[in-house]
Amino acid sequence: MMSMLSERGHEIVKDAEDADVIVLNTCAVRLETEERMKQRIRELKKSNKKLVVAGCLAGAEPATVMSIAPEASLLGPQTVEKITEVVESKERKIYLEGEKPLFTPKVFEGRIAIIPIADGCAGDCSFCITKLARRKLRSYPPHLIVEAVREAVKKGAVEVELTAQDSAAYGLDLGGIRLSDLVNKVVEIEGDFMIRIGMMTPEQAMRSLDELIEVLKNNKVFKFIHLPVQSGDDRVLRLMNRKYSVDEYKEMVMEIRSKIPVINVTTDIIVGHPGEDEEAFNNTLQLMRELKFERIHLAMYSIRPNTRSASMKQVPDPVKKARMQEANKLYEELAYEVHKEYVGSISNVITTEMGRKGSVIGRTLNYIPVVIRDSVELGKRVDVKVTEASFFDLRGHLLYPQVVRNSML
């Protein structure tokens, strides 16, 4: 939306007070997030400026948005191509159903370019409200993605994130092209940059696992894969309407790790989904111990309106909270065990963003963040001696060129 508005000559301002039109891009994936979105709509409505509510809350719950801000224009997440029309119109506009995406972002900050390759997904998970907002899979044409990446690299991007709700579903609606085909086109672009492939569902990743593994071996691709398992219990997975078993998931992870030993396998887990009893929860903890994920995005289940999971018998809140604390504690212990193995090693990282207190954040080949406590430019490849580790990141200092590198990566 920023790219399209900028190309039309509109100025993007940092403060709502300086704006003529306010565009609020919303999320509705969790209950607490939705409540924050509603509160923000109420606040912005008081400005008496033209308000456009875009994103998943507008797409999944338009009646809710209209009840809070009847004068606001609505733009669903699959209709962002209409943003200039909505902003420039003197009338209230509502667009919730989109066509094929024909525009990719041209604006990014720092050295990281986020390039959407598709939106929507091919799944139908019981707990997910995003499916109601993004009702169909829409893959961007490959030539537009390649063009967007090429332009971003020319502007200084050293990390390109190819992102989607389900990256492995890319091309299902195009016919004859898959994610691996797209990535193989992107790696041919000239320039010193790395590609991070976005989140993908296990069921779609299984369709072309061999091709995916070959793509991940490419020198320009981070050795990183985000495969949300959501639960370590088969019965809960069936209630979630996930299309794989725990054993199938484990086999896939082990195959990837056997062929790319340094791979960073990141996952998502929902704690307290309906049907999760103590045995099911313990099965999830056991899966965490067995696979020792480098990063886990843990979320406590929250009811989302108009989803199948909302109509199921719910796990009591105190039980969910207790399980969440236990899962978090285990995750921190396991992630620290993985990260402390890097202490004393030398890693070659690419610097991508500024950290706190003047530090710089770089990424290892397998996408682990490294906090560098020395002065270094963004967009540089540097060798770093890792001196500390936490469950979240590594920390260290620049290793100067005269020191020979002996990296574990």
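Colleague: Which residue is the bridge partner of Val 349 in β16?

Modeller: Val 382 is the bridge partner of Val 349. Before more, this is a predicted model, where local features need pLDDT of at least 70, side-chain atom pairs count only at pLDDT 80 or more, and totals for chains, interfaces and linings use all residues. Residues are numbered from 1 along each chain as its sequence is written, and side-chain values use heavy atoms, with hydrogens and water left out.

Colleague: How many bridges link β13 and β16, and in which sense?

Modeller: Five bridges, antiparallel. β13 covers residues 346-354 and β16 covers residues 381-389. Strands here are DSSP runs (E, at least two residues), and helices are too (H or I, at least four), numbered from the N terminus. Two strands pair if DSSP finds at least two bridges between them.

Colleague: What sheet do they belong to?

Modeller: A closed barrel of five strands, in the order β13-β14-β15-β17-β16. The pairing is mixed. Neighbouring strands are turned by 55° against each other on average, direction ignored.

Colleague: And the open sheet, what is its strand order?

Modeller: β10-β11-β12, with parallel pairing. The edge strands are β10 (224-226) and β12 (295-300), each pairing on one side only. Neighbours in this sheet are turned by 15° on average, direction ignored.

Colleague: Which helix packs on that sheet?

Modeller: α14, residues 317-340. Helix α14 touches β11 and β12, and its direction makes about 170° with that of β12. Contact means heavy atoms within 4.5 Å. Axes are lines fitted to C-alpha atoms, for helices over the stretch in contact, and angles run from 0 to 180 degrees between N-to-C directions.

Colleague: Switching to helix pairs. At what angle do α12 and α13 pack?

Modeller: About 15°, with axes 12 Å apart. α12 is residues 246-259 and α13 is 278-291. The two are therefore roughly parallel (angles under 35 degrees count as that).

Colleague: Which residues make the contact?

Modeller: From α12, Val 246, Tyr 249, Lys 250, Val 253 and Arg 257. From α13, Leu 287, Glu 290 and Leu 291. By class, the contact has five nonpolar, no polar and three charged residues. Ala, Val, Leu, Ile, Met, Phe, Trp, Tyr, Cys and Pro count as nonpolar, Asp, Glu, Lys and Arg as charged, and the others, Gly among them, as polar.

Colleague: What about α7 and α8, how do they pack?

Modeller: At about 35°, axes 10 Å apart. Their contact has six nonpolar, no polar and one charged residue.

Conventions. Angles under 35 degrees count as roughly parallel, over 145 as roughly antiparallel, 65 to 115 as roughly perpendicular and the rest as oblique.
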